[in-house]
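Please read the following report beside the sequence and the model.

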Amino acid sequence: MVSKLKRSDRRQFLKRAATGAGAVTTASLFPHVAFSANKTLTVGMNIPMTGDYAPWGLPGLYGCEIIANNINAAGGIEIGGETYDINVASYDHGYDTEKAIQGFKKLALEDEAKMVMMLGGSTVAACLPWAMRRKVLTTTLLPSDITPDSEYLIATCESHPLYNVTGVEWMAKTFPDVKTAAIVTNNDAEYGLQSAATYKAAFEVAGIEVVDTNLHGFDVTDFAPIVSSILAKNPDCVCMATSFYVTPIMEQLFHQGYQGKIISCTLDYYQEIIAKTSEEFVNGTIYQFPDFDDPALTEEGVTFPDPAGFDAAFRKDHPNDWSAVAWEYPAILLNWIENAKAAGSVETEDVMAAMKGNQQQFVFGGGNWWGSQLWGLDNALIGRWPVVVIENGRARIQEYGDVAAWLAANKDVLVKHMQELGLRTV
Amino acid sequence: MELLIQSIVNGFIQSGFYALAAVGLVLIFGVMGVVNFAHGELVMVGAYTVWLLHAQYGVPFLPTILIAILLVTAIGALMEQFLFRPMRGDPLGGLICSIGVLFILQVVATVVGGDGPSKQVPPPYEGTLVLWDFLRVPYQRLFAIGVAIAALGLLWYFLTRTRLGWALRAVSQDREAASLQGINSNRISMIAICVGAAMAGLAGALMAPLTNINPHMGHNVIITAFIVTIVGGVGSLSGAVIASVLYALFHTFVTTYFNGTVATISGLLIMVLVLIIRPTGIMGHRVSE
């Protein structure tokens, strides 16, 4: 009997130990979900996490995970009387349209995502018919994806490439001797040509003559001839509209002795560019995407909560992955949460009604719906946008430009250049 | 005039990379009869090795180049031993195997390097040579073209002045006749793929500080290598080198004076024209049945 009891105790002990170990392991795998009594609210990210476009997808997922973890650690969010933990479900479409459709359906149907964030371009266009039919709130970083029929497609953070006008405005004001510019960019209609048209319009408005527009494909392995060709036109300013190849172009500009101004849409991984050229060369480069430890982000009007804390958390976990989108998808998520709270609902129509019915707070301040003039629907949120310059090897905001004011005054110039490059306008 | 001279120099430097990548492809096809679709990925592995060891772990650049060559050579040897040799006499089988290797190497590179942006390698040789106040050539590019010329010179010496090189050429001309002369064609095939892979590894290692490194970079390399190989004459090493110089100069000039897209399309058109007008290429010979 004694021995039986002992055996039984031992079994009980082993059972309990195994159960406890299992619980601890599970809890450590899902630290913010395991013991939460909150409901789970899933948002989707249908983005490229591998391939050429991964730098404009994956860092955004890392950023959203930081935001979601912070919200969940603080007890979740209250929407319509329910408290929710945020769950970020993601799908890597590798910038492939078929995979994008598959990913969108998976996120919407299996994960029951209430909102799906995407990068933009052909992958969004592929998902749109299904997404709009099912009324899935979808976000893009490229408002040129918006069509008169895309009622539930919104661009609430990046309005690529409209904000580039602020960089040109600032340059023209700060460096009045810049009279000519050469544009180099990818020749795709989604990113490159949209940017080229915007820069051309901004240069025209600023009184800067465009002496060369060099459109290159995605198969370039050597940028020496492209840069030689550009520099032969003696531009006061070289403009990298939206190039996936900023680093090799900057490298060639450095080696071929270019000493004029450089303006670019993005300057992702600029520390690598400095390593391949020099800090002195990269200093003074104008672009549009700040680091989030920038003191200017504490100014009134900026709505992103604790930018420096976010920057530190991101760089601690992902020290080499910060890119233009690292804060953009989080900003979209935060904007959606605010509107869901205001609506008291997570359903698409309610959130959209709150978005359109209430004054929106854009991430850098301001915020008006715009877009019917170009794409047929006012579904792009346009606000202030920072002009960033590399100073002493660090990205630093110089001022916030007013995109809406520029568009109000110069929309026709932009339309003219878009049409010249064969881009869609209403 | 300044732009013209700069373009000629740009073109010659680029031709070194094209030639290194193409001669390996030609050698493997000539000796083994296999179109190695994974050749661009061998170049990519060479570049990744430099990124990993030099840029990430601080191993000096020159030893890293040697390690890249050895690693890619070893991959080539494994491909020959376990894939191409069992498929001997079945060109389609070899081609399909090489496509499989292509995907495997891309996935391995993604696992090793992680997702995200293209990898960058800071140039070990900084600075720029400036001649006559206008001609500018980065020292890194000078180093690369110097090493490429030396490697191609060594290959030429090996093929034309050594018994092994003669044997290799003999097998590429007629495998059966070479076997009748007592040449071990399996051994020669192994040497051919090792030499070809070593050239690819060297090309990747030299390109690493000058280009965006990513798992898919081999795609552009293989297209260029095919153009050069076909224009030069399939199976002709000297044709591949001459075509590399001509194609690099052509591509550079069209990119400089028109644009890169026109250059790429024109290059492919030239390949098609060569196939129609002179299928043997610049230096290839018609083989009688």
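## The contact between chains A and B

In this predicted model, the contact is made by 32 residues from chain A and 25 residues from chain B, where two residues are in contact if their C-beta atoms, placed from the backbone, lie within 7 Å. On the side of chain B that touches chain A, at least two residues each come from α1 (2–32), β2 (135–138), α10 (237–257) and α11 (260–277) of chain B, and α1(B) gives the most, with five residues. Helices (H or I, at least four residues) and strands (E, at least two) are DSSP runs, numbered from the N terminus. Sorted by class, this side of chain B holds five nonpolar, 18 polar and two charged residues; Ala, Val, Leu, Ile, Met, Phe, Trp, Tyr, Cys and Pro count as nonpolar, Asp, Glu, Lys and Arg as charged, and the others, Gly among them, as polar.

## Reading the model

Residues are numbered from 1 along each chain as its sequence is written, while chains are lettered from A and ligands numbered from 1 in the order in which they are written. Because the model is predicted, local features need pLDDT of at least 70 and side-chain atom pairs count only at pLDDT 80 or more, whereas totals for chains, interfaces and linings use all residues.

The mean pLDDT of chain A (the predictor's confidence in each residue, from 0 to 100) is 90, and 91% of its residues reach 70 or more. Over residues 1–5 of chain A, however, pLDDT stays under 50, and the model has zero contacts there beyond four places in sequence.

## Chain A as a whole

Chain A has 14 helices and 15 strands, and its C-alpha atoms fill a box of roughly 100 × 45 × 40 Å along the principal axes. Of the contacts in chain A with a separation of 6 or more, 65% are between residues 24 or more positions apart.

The chain is divided into domain 1 (39–160 + 301–382) and domain 2 (164–287 + 385–420), with bounds that come from an automatic or database domain assignment. The centres of these two domains of chain A, taken over C-alpha atoms, are separated by 27 Å, and 18 residues of domain 1 are in contact with twelve residues of domain 2. The side of domain 1 that touches domain 2 has six nonpolar, eleven polar and one charged residues.

## Sheet and buried helices

Six strands of chain A form an open sheet of mixed pairing, in the order β2-β3-β1-β4-β5-β6, two strands being paired if DSSP finds at least two bridges between them. At the edges stand β2 (77–79) and β6 (153–154) of chain A, each with a single partner strand, so one side of each is left without a neighbour in the sheet. Strand β5 (residues 137–139) of chain A runs parallel to β6(A) and is joined to it by two bridges, with A:Thr138 opposite A:Leu153.

Buried residues make up 53% of the 426 residues in chain A; a residue is buried if 20 or more other C-beta atoms lie within 10 Å of its own, exposed if 12 or fewer, and partly exposed in between, with C-beta atoms placed from the backbone.

| Helix | Residues | Buried residues |
|---|---|---|
| α7(A) | residues 224–231 | eight of the eight residues |
| α8(A) | residues 246–255 | ten of the ten residues |

Helix α7(A) is therefore largely enclosed by the rest of the structure, and its buried residues include A:Ile226 and A:Leu231. Helix α8(A) is likewise largely enclosed, with A:Glu251 and A:His255 among its buried residues, and is followed by A:Gly257, whose phi is positive, near 75°.
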